[in-house]
Amino acid sequence: MAEKRSKPVPRPYQDTKAYWDAAKEKRLIFQRCLDCSKPQFYPRGVCSHCLGSRLEWLDSSGRGKVHTFTVSYRAPHPGFADELPFVIAIVDLEEGFRMMSNIVGCDPGIVRIDMPVKVVFEQLTPDIVLPKFSPA
Amino acid sequence: METLGRKTAIVGVAESDIGRVPHKSKFQLSAEASRLALDDAGLSIKDVDGLFTIISTQGGEHSSMLMAEYMGIRPRFTDSTSMGGSSFVAYVEHAAAAINAGMCEVALICHGSTNISDRGGRAGPVSSKTEVYGPMQFEDPYGISIASSYALAAQRHMHEYGTTSEQLAEIAVATRKWASLNPKALMRAPITIEDVLNSRMVSSPLHVLDCCLVTDAGGAVVLTSMERARDLKKAPVAVLGTGESHTHRMISQMPDYTQTAAAISGRLAFERAGVSHKDIDVAEIYDSFTITVLLTLESLGFCKKGEGGPFVSGQRTAPGGDFPMNTQGGALSYTHPGMFGIFTLIEAVRQLRGECGPRQVKDAELALCNGTGGVLSSTGTVILGRV
């Protein structure tokens, strides 16, 4: 039997380990700068607004809305071939940060810009849980 | 602002064999294009003392060292700035600056790629890697691709401004008309707006005919001082104005999905050239996707933000239209080896020299080239003029 096709899997590193550890506990976390108070995503070792190093991690409510999206009919990686078509979206979280994710748990045809969504968690590997979104 | 003052010129341009060239390496394509461009200028490889190059994907590390070694040159100015398909347009700025500063005299910009032969086809998987290190771990696991990245921008533009798939298709149809006039173009059969709309959806709202080709190709451009250019084989084409910038690397970090860095690089190029939009006779705009062109025209200021759809309607950019654009057939229909920027320069120079036969834009005196790289991430803009 053919080996199950794998998908790209994040390899946590210095900047991102806390994020992936939290995701494993089904928490979506983000960084906020203690100097300039602005949120940022993706996680970095410094603030991308003021270059400060004093960053705190905060829990997100996981609620947001779709800023833009696409329905992909092509698998960029063999691991996605069984899921076509699938939705990639840019989601604005209510805490003021923005991230890429998939919209799952609905017909791709109903996804719209500004649609309210909420985070769900998908086990990608035994070690990695991937935050995704469903219609709220 | 101080202009570049017509102090540097493009004196040689050429492309290599293009299309599907499985028997030649990307290094050979780059070197052969270089030889042809130097021939075009009446110069030889011995004259080259500045090298500007980036080779795409595997085997492209340390590109300028690698290509210098391959072609037997020891440059005194070397640059492998890596900002995707716009790199070569940005290299014109770097080369002009280096020549003006006396740091090199003959600059060679070159590129070669075997994208189609490496990949075995347009629909082949982009990647088979499984472990993602670095910030792309916040995108790759969601199945992002280059086409999907550009589609995210297209969807947002449609939402904000009512842009339609028909308007995007106008660009593909007009570009194909130019390709039909170019014997070197790979896709020359006419297409209609309906053909584009009925073609397979890749990433909504982008259809396969909204997407560029994937080919093998090499290209090269030679620059030198205007003083030296006057003694060479062909009439020099002056570098009048240049600009470059980038706003992000990953599509999830794009500050505004309806505007590219051409808003910065274009403004710089126009200011430095001291010319205005209405002066431009021919535009060569990197068309990785139809949406790339639409966003670039707006960002460059050829029309207001949100008005790109109406601007390209009625086949305005086609042969006979009042805004001749992508006159060799573009990345959509002529060739696209993965980083197309250099081909915008090659065609602009040929148009300004009057070498384009049936696709010649009459009395073309000023041309604008704009390269876009990454995922709408980086741009280089160059304004060129007949001397």
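A residue is called buried when its relative accessible area is under 20%, exposed when that area is over 50%, and partly exposed in between, as judged with a 1.4 Å probe and protein chains only. The model is predicted, so that local features need pLDDT of at least 70 and side-chain atom pairs count only at pLDDT 80 or more, while totals for chains, interfaces and linings use all residues. Residues are numbered from 1 along each chain as its sequence is written, chains are lettered from A in the order in which they are written, and side-chain values use heavy atoms, with hydrogens and water left out.

The contact between the two chains, where contact means heavy atoms within 4.5 Å, takes 41 residues from chain A and 40 residues from chain B. The size of an interface is often given as the accessible area lost when the parts come together. Here the buried area, which is the accessible area (1.4 Å probe) that two parts lose on being put together, summed over both, is about 3,500 Å² between chain A and chain B, and carbon and sulfur atoms give 60% of it. On the side of chain A, the residues that lose the most area to chain B are A:Arg11, A:Arg74 and A:Met100, which together account for 21% of what that side buries.

A salt bridge is a side-chain nitrogen of Lys or Arg within 4 Å of a carboxyl oxygen of Asp or Glu, and one such bridge is found across the interface of chain A and chain B. It pairs A:Arg11 with B:Glu131, with the closest N and O atoms 3.6 Å apart. Helices (H or I, at least four residues) and strands (E, at least two) are DSSP runs, numbered from the N terminus, and among the elements of chain A that each supply at least two residues of the side touching chain B are helix H1 (17–24) and strand E5 (63–72). The largest share of that side, six residues, comes from E5(A).

Strand E5 of chain A also holds A:Lys65, which is linked to A:Asp114 in the loop between E7 and E8 of chain A, 49 residues apart. The two form a salt bridge whose closest N and O atoms are 3.9 Å apart. A:Lys65 is partly exposed, with a relative accessible area of 41%, and A:Asp114 is likewise partly exposed, at 38%. The backbone of A:Asp114 has a positive phi, near 75 degrees, in a residue other than glycine. A positive phi of about 65 degrees is found for A:Leu51 as well, a residue in the loop between strand E3 (39–40) and strand E4 (55–59) of chain A, and A:Leu51 counts as exposed because its relative accessibility is 66%.

Over all chains the count comes to 33 salt bridges. In chain B, B:Lys24 and B:Asp17 form one with the closest N and O atoms 2.8 Å apart; B:Lys24 counts as buried, at 15% relative accessibility, whereas B:Asp17 is partly exposed, at 36%.

A nonpolar core is a set of buried Ala, Val, Leu, Ile, Met, Phe, Trp, Tyr and Cys residues joined through side-chain atoms within 4.5 Å. The largest has 114 residues, and those with the most contacts inside it include A:Met99, A:Phe133 and B:Leu297. Apart from this core lies another, of 43 residues, among them B:Ala185 and B:Tyr286.
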